[in-house]
Amino acid sequence: MKKVITYGTYDLLHQGHINLLRRAKALGDYLIVGVTNDNFDRERGKLNVRNNVLERVEAVKATGLADQIIIEDYVGQKIDDIQKYDVDIFAIGSDWEGKFDYLNEYCKVVYLPRTEGISSTMLREDLQEDIKVGVVGVGRIAERFVPESEFVSYVKVYGVFDIDNHKACDFADRHGIVNIYQSYEEMLEHVDAVYVATPHLSHYELTKKALELKKHVLCETPLVLNGQQAKELYHLAEDNEVVLMEANKTAHSPAFNHLITMIKSGAIGDVVDVSASESKLWGDKFTREIDPEEAGGSMYEMGSYPLLPILKLMGIGYTNINFYSKMQDGIDIYTRGVVRYPHGVCSFQLGMGVKTEGNLVIAGTKGYAYVPSPWWLTDYYEFRFEDQNQNKKFFYKWDGAGLRYEIQEFISCIFNHRFSTARLRRRESIAMAEIMQLFGERKNFMEI
């Protein structure tokens with residue numbers, strides 16, 4: 001049997017793609033199609049926002065031309081795949097002429113003619129307009145948002161609003177933003193979506209107001225500190241057919257998503273324990289993050305990050321949660337949480353005046369996953385086993401400040417009318433808010 005392999009993004013699958021697949025199929029008896037992962041194809045300088053990898057896989061599958069579909073995740077995978085699947089012919093479009101000649105060492109390389117007059121780029125230009133995004137709040141996170149948005153197609157930071165107009169003007173001047181609004185209501189009249197980067201306690205009102213006007217919302221984490229408010233906001237978004245997404249950048253990082261997928265596939269067996277830590281020593285005593293009047297403290301400021309792997313891997317059906325906190329000047333400068341499940345136990349450590357190792361360890365019945373500090377910005381993790389010869393290391397690129405990945409998913413959800421993202425599901429976001437509420441109400445709480 002003669003095996004053929006070909007690769008592509010297959011974004012906005014069109015007749016040109018289908019013709020190419022047919023030509024590749026005709027070269028042999030068995031066609032393997034590699035679909036590039038969402039964050040692997042960076043050659044265009046912009047992250048894909050139209051179809052995510054699962055949607056592109058389904059589109060290729062629907063053609064009926066592929067005998068097998070695989071995901072392309074990393075540089076050098078083509079050589080690995082050719083050897084792994086015992087491939088006879090590597091086929092690719094003629095616009096790559098000469099670029100893959102090095103593969104002749106492993107199999108025959110064939111450059112196929114492309115269909116003239118049609119391409120994904122042309123379709124994108126015809127089908128999409130920029131999403132006008134308004135930035136609400138001009139703090140340190142918003143400073144990262146604007147340059148990160150430039151790496152995502154079809155995002156236009158259209159305007160900015162802050163209760164301090166002087167800060168808004170300075171922010172706009174630094175980032176080349178033309179529109180500076182005197183009120184939030186005025187900005188909502190002119191944008192398609194808002195990025196809410198204000199202090200925690202303002203998230204609920206600002207998000208609700210935007211959703212009521214049918215504007216898409218990307219809100220910084222934690223979305224809210226109350227479970228009922230979170231449910232209300234997600235229901236409101238669904239009723240108005242707009243996207244509401246919590247901007248937890250770790251949830252959208254390539255390495256973290258790959259880690260979760262691998263573990264859920266059984267790579268380390270059944271998960272029985274997740275332990276995550278994060279800490280930061282704040283030098284400035286007058287920042288919002290350590291102000292009790294602004295919902296400062298370790299749990300509110302950082303809690304959503306270690307809760308993420310716990311909820312992703314163990315689910316929202318925990319049976320009990322206990323908090324142990326060291327308090328100072330009205331905030332928790334250290335909190336340890338213990339979360340019990342029917343078949344496991346998890347823990348997290350947070351510090352804003354206590355320093356701890358910021359790693360993530362996930363224990364399973366076959367082995368464990370180790371993600372070194374800072375795990376929430378990870379580009380690398382390991383699977384470790386009793387037999388050290390079976391240990392595996394995984395490397396993924398983490399670009400810039402990492403906000404581009406959450407922006408990419410947000411815009412993709414808007415274009416594809418997906419009102420929830422699998423990277424941080426609504427139920428998980430709501431569970432985070434409920435846990436924040438339990439902490440705020442001092443349920444199962446002990447001061448140490």
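L424 has a relative accessibility of 6% and therefore counts as buried, the cut-off for that class being under 20%. The model in which this residue is described is a predicted one. L424 lies in the loop that connects helix 13 (403-416) with helix 14 (426-440). Beyond its neighbours within four places in sequence, L424 touches E246, N248, A251, L308, K312, S429 and M432. The C-alpha atom of L424 is also 9.7 Å from that of T250, although 174 residues separate the two along the chain.

Helix 12 spans residues 304-314, and because 11 of its 11 residues are buried, the helix is largely enclosed by the rest of the structure. After helix 12 comes G315, which has a positive phi, near 90°.

A further element of the model is the pairing of helix 5 with helix 6. The axes of helix 5 (residues 140-149) and helix 6 (residues 165-175) come within 11 Å of each other and cross at roughly 30°. Since angles under 35 degrees count as roughly parallel, helix 5 and helix 6 are assigned to that class. The crossing of helix 5 past helix 6 is right-handed. Helix 5 contributes A142, E143, V146 and P147 to the contact, while helix 6 contributes F171, R174 and H175.

Note on methods
Residues numbered from 1 in each chain as written. Predicted model: local features only at pLDDT ≥ 70, side-chain atom pairs only at ≥ 80, totals over all residues. Heavy atoms only, no water. Buried < 20%, exposed > 50% of the residue type's maximum accessible area, 1.4 Å probe, protein only. Helix = DSSP H or I, 4+ residues; strand = E, 2+ residues; numbered from the N terminus. Axes fitted to C-alpha atoms, helices over the stretch in contact; angles between N-to-C directions. Parallel < 35°, antiparallel > 145°, perpendicular 65-115°, else oblique. Left-handed = near helix turned anticlockwise from the far one by under 90°. Contact = heavy atoms within 4.5 Å.
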